[in-house]
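Hi everyone, thanks for coming. Today I'd like to walk you through one structure, so please take a look at it with me.

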Amino acid sequence: MLKIIASETVKENGQRAAEVVTELLRSKPTAVLGLATGSSPIEMYTELARMCDKGEISFKNVKSVNLDEYVGLSPEHDQSYAYFMRNNLFDKVDIDLKNTNLPNGLAEDPVAECKRYDAVVESMGGIDLQVLGIGLNGHIGFNEPADEFTEGTGLVELTQSTIDANSRFFADKSLVPTKAFSMGVGQIMSADKILLIATGTAKAQILEKALFGEVTPRVPASVLQTAKDVVVCADRAALSVILEKHPECVKF
Ligand code: GLP
């Protein structure tokens, strides 16, 4: 089941996405959240932090697993995903940091780290809601276009397109990590519900291709067409191609 919720602005989009999370937290305060980084979920995290501050929701009994982390960056590095999560959500809500999980970018043995993270995901007993952004090449987490859909956590060589896209956050292109740990597509798809967030015209083509094109590991996000429950929260800009080709599928 695919539901596309459209918003006029990025801020409104964040609020709509936050509604999907709060609905879950109210019905299941012990929910397991699969969390994502990138610019797409920032407004949602801002709204969740605001609501938690007001006492409208609580993360006290929530557990989280993040999708991915750059290899070589410490949790203190301001471009690490661990830092991003603290800065955008964990430090602003009542979540117990002990209940939050990310791959360890500094792990010395990558194979052991992937195994450890698989065990962490497994120990959650199922992800209730997995939040996702979408890369310009259709990646989800850091699952880049490939010949096959990945299953478990892996060490990923980032594509040039992803390195270029992410270089905007680093002082110099040479400082952008070229590898990352990422949960696999199989782990993402095991979630009960998936919330995909996309904003901006740059995502318009790939979003249409992912949601209405061929299901192929060359466009990793296309696998979402086979998921049991997917909600897409996107702004009008990111939906521009879908609004042209499949307007009947979009709900404002
Ligand atoms: C990054 C992350 C993805 C994210 C994507 C899109 O590479 N690994 O999880 O969804 O890029 O990022 P943004 O939301 O900034 O466009």
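I'll talk about the ligand and its surroundings, and then about some aromatic rings.

Keep in mind that this is a predicted model. Let's begin with the ligand. Which pocket does it take up? The space taken by the ligand is the largest pocket. Around the ligand there are 13 residues, and the closest include S39, S40 and F142. What kinds of residues make up that shell? Seven are polar, three are charged and three are nonpolar.

Now for some polar atoms. D68 has a polar side-chain atom 2.9 Å from a nitrogen atom of the ligand. In the side chain of K203, an N or O atom is 2.6 Å from an oxygen atom of the ligand. For N166, the distance from a side-chain N or O atom to an oxygen atom of the ligand is 3.3 Å.

On to the rings. Searching the whole structure turns up five aromatic pairs. One of them joins Y45 and F84 edge-to-face, with 6.4 Å from centre to centre and 70° between the planes. Where do these two sit? Y45 belongs to helix α2 (residues 42-53) and F84 to helix α3 (residues 81-88). They are 39 residues apart, so the pair links distant parts of the chain.

Notes
Residues numbered from 1 in each chain as written. Predicted model: local features only at pLDDT ≥ 70, side-chain atom pairs only at ≥ 80, totals over all residues. Heavy atoms only, no water. Near = heavy atom within 4 Å. Polar contact = N/O pair within 3.5 Å; in protein donor to acceptor, adjacent residues only side chain to side chain. 1 Å grid on protein atoms, 1.4 Å probe; cavity = no way out; pocket = protein on both sides within 12 Å on 5 of 7 lines; lining within 4 Å. Sits in = over half its atoms within 2 Å of the grid points. Nonpolar A, V, L, I, M, F, W, Y, C, P; charged D, E, K, R; others polar. Phe/Tyr/Trp six-rings, centres within 6.5 Å; stacked < 30°, edge-to-face > 60°. Helix = DSSP H or I, 4+ residues; strand = E, 2+ residues; numbered from the N terminus.
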